[in-house]
Amino acid sequence: MQDTKGSLCTVIENKIATVEFGHPASNSFPSSLLDTLTAEINSLSSNDEVVLIVLKSSGTGAFCAGASFDELLAVSNAEEGLIFFSGFAHLINAMRTCSKLIIGRIHGKAVGGGVGIAAACDYVFATENAAIKLSELAIGIGPFVIEPAVSRKIGKTALTEMTLNAQEWKSATWAQQKGLYAEVFENVSLLDDAVANFSAKLASYNPQALQQMKQVIWDGTAHWEKLLLERAAISGQLVLSNFTKNALEQFKKGE
């Protein structure tokens with residue numbers, strides 16, 4: 001599936017579904033692509049031919065630049081803001097409740113929502129180029145929707161460090177030390193070998209055991225169904241401020 005708002009491609013082989021999303025603007029997410037990826041995760045969750053999901057993005061640049069700046073600037077009222085940020089809420093909840101384990105392949109930098117997506121994966125492989133940043137406060141909002149997923153992986157202290165120092169990139173090594181990444185590799189070739197080997201091994205295990213393990217891993221997060229939408233409403237209000245509109249315009253000029 002591909003259009004001017006991004007692309008999504010799923011390949012199923014040996015019971016492993018490889019889902020690849022892409023967008024010309026550093027693999028950022030307009031609402032339509034968020035909705036499409038969420039629907040695909042939900043579909044694969046009930047697909048008996050799939051045991052495991054590998055989530056990746058296209059190209060050799062950024063893994064994911066987060067929300068679409070163009071759509072953020074276009075938000076004109078609280079309802080539109082809620083709808084837009086609910087896209088990330090629905091995606092993270094879909095990843096959380098998916099019956100299949102999700103392996104993240106992070107080949108490049110991740111910002112904002114991209115960090116949230118990495119955090120919502122069950123096991124993450126990355127390259128040394130996969131630095132991370134939560135820049136939301138610098139544009140007048142905050143990582144409210146993705147915070148539960150990120151805090152669950154790296155803890156509140158590291159989350160606070162990233163959020164308050166909104167201009168600073170944290171290295172892939174830092175992300176591994178904090179628990180976001182399980183393994184970090186020197187280059188994409190080594191990354192892909194590791195993802196393939198790990199996925200093949202995992203897919204050979206008892207599917208029922210994998211599904212039960214998925215539930216155990218995410219135990220205690222059922223309240224996210226409501227929480228993430230409440231957080232989306234906060235961001236939806238903040239994006240309407242003059243501060244945020246001006247900051248987004250400045251960020252766009254610097255791209």
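## Residue F251 and helix α10

F251 is found in helix α10, residues 242-254; helices here are DSSP runs of H or I with at least four residues, strands are runs of E with at least two, and both are numbered from the N terminus. With a relative accessible area of 28%, F251 is partly exposed. Buried means under 20% relative accessible area, exposed means over 50%, and partly exposed lies in between, with a 1.4 Å probe and protein chains only.

Leaving out residues up to four places away in sequence, F251 touches F69, A138 and I139, where contact means heavy atoms within 4.5 Å. F251 and I139 are 112 residues apart in sequence, and their C-alpha atoms are 8.1 Å apart in space.

## Basis of the model

This is a predicted model, in which local features need pLDDT of at least 70 and side-chain atom pairs count only at pLDDT 80 or more, while totals for chains, interfaces and linings use all residues. Residues are numbered from 1 along each chain as its sequence is written, and side-chain values use heavy atoms, with hydrogens and water left out.

## Overall form

The protein chain contains 10 helices and 9 strands. Its C-alpha atoms fill a box of roughly 55 × 40 × 35 Å along the principal axes.

Of the 255 residues, 52% count as buried. Among contacts between residues at least 6 apart in sequence, 76% join residues at least 24 apart.

## Nonpolar cores

In soluble globular proteins, nonpolar side chains tend to be buried together. A nonpolar core is a set of buried Ala, Val, Leu, Ile, Met, Phe, Trp, Tyr and Cys residues joined through side-chain atoms within 4.5 Å. The largest core has 65 residues, of which F29, L37, L55, I117, I132, L180 and Y181 touch the most other members. Helix α3, residues 78-97, gives this core its largest share, 8 residues.

L37 touches L8, V19, F21, F29, L55 and L91, not counting residues up to four places away in sequence.

## S57 and N27

S57 is placed in strand β4, residues 52-57, and is buried, with a relative accessible area of 1%. Its side chain makes a polar contact with the side chain of N27 at 3.4 Å and reaches the backbone oxygen of F63 at 2.8 Å. A polar contact is a pair of N or O atoms within 3.5 Å; within protein, one must be able to donate a hydrogen and the other to accept it, and residues adjacent in sequence count only if both atoms are side-chain atoms.

N27 lies in the loop between β3 and α1 (31-45) and counts as buried at 4% relative accessibility. Although N27 is not a glycine, it has a positive phi of about 55 degrees.

## K15

K15 is not a glycine, yet it has a positive phi of about 70 degrees. K15 is found in the loop between β2 (6-13) and β3 (16-22), and counts as partly exposed at 45% relative accessibility.
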